[in-house]
Amino acid sequence: MSENKPNSALVIGGGVAGITAALDIASQGFKVYLVERNPSIGGVMAQIDKTFPTLDCSACILTPKLSEVSRHKNIEILTYSEVGSVTGSAGDFHVRVKRKARYVNEDVCTGCGDCAEECPVEVANEFDLNIGFRKAIYVPFPQATPNVYTVDKENCIDCGRCVKACQRNAIDLDMKDTTLEFHVGAIIIATGFQLYDITDYPRLGYGHYANVIHAMEFERLINAAGPTHGHLIRLGDGKTPKSIGFIQCVGARDVQKGVPYCSRVCCMYSIKNAVMALEHNTDGEVWVYYADIRAFGKGFEEFYEMAKKRFGVKFIRGRVAEVMEGKKTGNLVIRVEDTETAEVRLIEHDLIVISPGVVPPIGMDTMAKKMGIEQSDDGYIQAEHTFFGPTETKTPGVFVCGCAEGPKDIPDSVSAGSAAAMKATIVLSQGGT
Amino acid sequence: MAQASSCWGCFQSLIDIHMNLATVLPALEIKFWVCVVDYKLADLEGYPDKSIAVGLFEGVVRTEEDLHLLKTMRAKCQTLISFGSCSCFGGIPGLANFSDIEECLDVKFRENKTVSGGEVPSENVPAILPVIKPNHDYVDFDIFLPGCPPTSKLILTAVTALLKGEPIELEPHTVCHYCDREKKDTPVEKILRPFDGNADPDRCLLEQGYICVGSATWGLCEGLCVNMGSTCRGCYGPPPPIMQDQGANAMSMLGTYAPLPPEEIKEQVKDPLGLFNRFTYATSHLGSIRIKREEAKKK
Amino acid sequence: MSDTKEEPRIGVFVCHCGHNIAGVVDVVSVAEMARDLPNVVFSTDEMFMCSDAGQVLIKEKVKEHNLNRVVVASCSPRMHEPTFRRVVEEVDVNRYLFDQVNLREHVSWCHTREPVKATEKAKDLVRMSVARAAKLENLPIKTVNVLPKTMVVGGGIAGLRSSLDIAERGFDVVLVEKDTQLGGNVAKWTHLFPSDESGAQVIGPLIAAVRKHKRIKIHLNSKVSDFDGYIGNFEVTIKNLSSEKETKVNIGTVIVSTGFEAFKPVGYYSYTKSPNIITLAELQEMPPAQMLIRPSDGKPVKKMVFIGCVGSREPGKIGHEHCSRHCCSATAKAAADLRDDVDESLVLYQDIRTYGKGHEEFHRLARQKHVIYSKFPTDAHPNVEVAADGDIRIRWFDVLAGSELEFHPDLVVLASAMIPPDDMAETAKMFSLTRSGDGFFNPEHIKLAPLTTHTAGVMIAGAAQAAKNASEAVIDASGAAAKAVGLMAQGEVEIESTVSHVISDLCSSCHTCVTACPYGAIIMDEEQTPPVAFVQEAKCKGCGTCAAACPSSAIVMYHSTDEQILTMVEAYLCTTPEPEGGGSA
């Protein structure tokens, strides 16, 4: 390791890919700055209930990793923070990180929750996809790391009751944003993804019909730590849906909507959701409307078989044309061409779950342009070369992993995280050359 | 020195210290030793409690008289030694627990093939207990000295230490430690009866297929039998801690060691009880279940 | 083993785990019951023990109540034992004085409909654990050093990538390849996707770089013939397959990247009945000029058909149930590329799995070029017949058209499965790796640890782990390299102290434990007379088989001694301890 060159790395994004990369770099003895714009690391995986193809509880397999990151002596977690600017080159980047004021002193807060008890303001909880509520002073989820509260200043009414309630005097409503500057030898972009905005498909009824929801909302409903404590109910009337329809390829494989590519994960997450729906209601009926079933990974095809044979999930090959609502019942009717029988069918369901495709996260364009990192046509970070540099970007010393490079499931994101970490540590050990 | 139901072999072994008797005997004041000195049971009962320094108790408690003797010895002796495998573990007589007492009495008396009109004697004979419980279930012992019999050398060591007032130091090694045979690590192909074939005198007997339980046996004998051409039969009971189940240990060892399927082992081992728990049936897991069953019958 | 003579002071922490446990088990009453157990000084319940709040709680209470043993009743130890062990260590409690009770997988998740009985069971388990905790002892934390050298088994694209990454990172590599040249399957292909590069163009630079690198030692035409030792200190014997010469090497870590074999689908679609029926792999191995020439008579191919899922996705057929992942995309690219020079090109499929970056795009391109995609039903595969004159007739039911179709192609390309190489079982045994249903190696955890295995120090990468394409194999390779370097960079690694130990005085040298140990961790110490058994702690997994088999009770299981286990049994059977008189040895 070169004396003058920094032997630390920056990982942008605290989802499962970023966490994997951070741990792999730190385990080699290098220091890692892990920057995450949300109040806690964990990313989308923290919101998921169960993962495919093993039906592992997502939080259960993720939390040990969050713990490991939190107590790793080589990792400094900077949550509620964003990368402001990056200058320099491989081996020596000068990074400026803007640390948003959370109005709570991280070193003092123990996550006891006394403040939230006192807070009079309730707002929609974005972690629960706005289905549930949280207070204006909150932790996003119980295993949040770091386990400290954050004040949502936009909705805070400055009443000060939380300040009084806090026995450790951890709350400072006058806190200001700060900037942190440091040097790193390598950078890994692991900024994840967001779901396609399916209000863009008015014919499918999302946004107008109460009982049309999307996959992540479904995920929060079936999650025991979610807004309904794991009870899968219709948000319109609280009834338990017996018949559920899953609509695939919405916001993916759609040239007209500017998302021609395959989102890679939706087939599998829908099969998983379908199985979960039947586990929650063994009398239920689940139908999946698809174009192709892309169960390509290790154990995926076998999981698909199990969903069909053991659970009795029904699969209809056809892209749904429209969803109509029965005003009295709130039930939905799907119009779809069953291409295997060549008949147009009208099928009624109590609940419709749309599986949105995956798109680059909010702020990706801004960040890429600010850092001068080349993007692909789809808006993701462009990998240097499919075979020679699948986790390298066009900028030396900057690497990419996880969904920031393109839609991926958890195993592929984890492998990519480790791969990017390997590349980063080569740069660090060679001092950037 | 008390004898319950036994063969007296342990005491014979003691006498077998031979010329060393000349050193030992004068240091002893023998207060009770039926067959050797002329004290009666009444004399023993008459002594004050804890007035005898050392007592050796040989044999199993088979009759009510044995039980009375045991309790009396415990009361009168300061240090009570459980002498020999019968006293420690139940020994060969302990195997009788495997059958119902009435069955035993049938075979011995009522349906004895060489007696006609056989009856169970009841006059001038102490009542028989329905099951043999290990002696230490009745009283606490201070020292256990197993063996069938304990070798004269072992007895001399123990007695010498006692006379000096020192603790008896016994090596914890199993019989294998003293065995001179070579281990080649070849798998057991077939389980042999002791009379099958010709055993190679230089190779481990177990490896050749003869079931030797030396690895599960305390080697206080210093490998007497195995170095003389015979398999170890386990007469010293298990190595310390000595109340573990010797038979279970030997069986699990054989099951692991011999690459034979369980059905074959079961078929080839003709007498598992006599092989694995020959001397320790009464203190084995299965043996204690038997004892509990018998006692439950009484209630 | 140091003895812990102090009086046990046990703290019990019962976790709600949100609703996961508390939804079924009355955790509050469990914590209350624990308060009265012998040696318990503090007992409480908490929402999420694994969260920061829970961990801080443990630390605070250890200090406040001077606890020297901690029991956490929560999820499976497989989940959070490492977490809690670290927590107690931070407040100076030896990690082996911590015990975890599984109230989730063992209680709330399997007895969901019987909350009352589940709570009773939870109480029983906590009582047992508290009894055990009182008997636990300090164990030393041991480390072994890790040699700064990796062995990479398999010189295909994944093996080459791993080797280079590790070498560039500054560690030595021994690369073993059974073939006479490097490059694996990719080297054989003239045709890749999604780019237009040939296999040689992709693998060439990698091979050159590997050959040039000073830190990489290559053994071609060789296989690993013996593998012994333990993490950080493996003893390997590499055997040259022609000369039979053996080389012994000591290495710290291993990456198994043994790749795959392209399935030869004999019995499917009249494969071998005509030279014009080939596999996609065979097509990809042909020089470009040859691809559109009929193997039978050298005439140009004007009509071609690709058939997907050959030997893949067959439920119930062991080793052929998995999706081979790369073929739909490879087929789409091949069909699109070759379309210009043929009159008709068909792709018969079950599903089109062009999932990756750029893949859907050339699926679309193929269609735009009028490659005809025709779906056949899962339960009625196409029928291929070869007539006496060599004419190939293929008939199938097109699901979308709803009719039987017939085609007479010049060339049939079967997208056959990616299966493990024929010596996979041998490799698995050599490195103590397990295999999943698809025949490839099992990763340590299919989601969060796809590149490590249950054999500490051995990683897997590329197709050895599961069917995948070359780009994915490269990512795996770099990832596995990161795992290997992670072990080597620190120079040493901790090993578990929950291992067995032979009391040499009692050992009968009977070799039973040596035979019994599934991990080959016990050897005979020849320096003693007679030789006694000796446990190599780094290899021991603490399974207890040796202790159970030992006829002389010479083996003690640290952290699972007879006393520690029997006390749990007694705690379960007797709710109050009864003192007994008489009769102990």
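Q: What makes chain B of this predicted model one with 100% of its residues at pLDDT 70 or more, and what is its mean?
A: The pLDDT scale runs from 0 to 100 and gives the predictor's confidence in each residue. Chain B has a mean of 92 on that scale, and 100% of its residues reach 70 or more.

Q: Which elements of chain B have the lowest and the highest mean pLDDT?
A: Helix α13 of chain B, residues 285-298, has the lowest at 85, while helix α5 of chain B, residues 85-89, has the highest at 97.

Q: Now to chain A: what are the bounds of domain 1 and domain 2?
A: Domain 1 takes in 8-100, 177-193 and 360-429, and domain 2 covers 197-357. Their C-alpha centres lie 31 Å apart.

Q: How do you know that domain 1 and domain 2 of chain A are in contact?
A: Contact calls for heavy atoms within 4.5 Å. In chain A, 17 residues of domain 1 are in contact with 21 residues of domain 2. The area buried between these two domains is about 1600 Å², and carbon and sulfur atoms give 66% of that.

Q: Why is the pair Asp412(A) and Arg264(A) called a salt bridge?
A: The rule asks for a side-chain nitrogen of Lys or Arg within 4 Å of a carboxyl oxygen of Asp or Glu. The closest N and O atoms of Asp412(A) and Arg264(A) are 2.8 Å apart, so the pair counts as a salt bridge. Across the interface of the two domains of chain A, the rule finds one salt bridge.

Q: Which classes of residue make up the side of domain 1 of chain A that touches domain 2 of chain A?
A: That side has nine nonpolar, two polar and six charged residues.

Notes:
Residues are numbered from 1 along each chain as its sequence is written. Chains are lettered from A and ligands numbered from 1 in the order in which they are written. This is a predicted model: local features need pLDDT of at least 70, side-chain atom pairs count only at pLDDT 80 or more; totals for chains, interfaces and linings use all residues. Side-chain values use heavy atoms; hydrogens and water are left out. Domain bounds come from an automatic or database domain assignment. Buried area is the accessible area (1.4 Å probe) that two parts lose on being put together, summed over both. Ala, Val, Leu, Ile, Met, Phe, Trp, Tyr, Cys and Pro count as nonpolar, Asp, Glu, Lys and Arg as charged, and the others, Gly among them, as polar. Helices (H or I, at least four residues) and strands (E, at least two) are DSSP runs, numbered from the N terminus.
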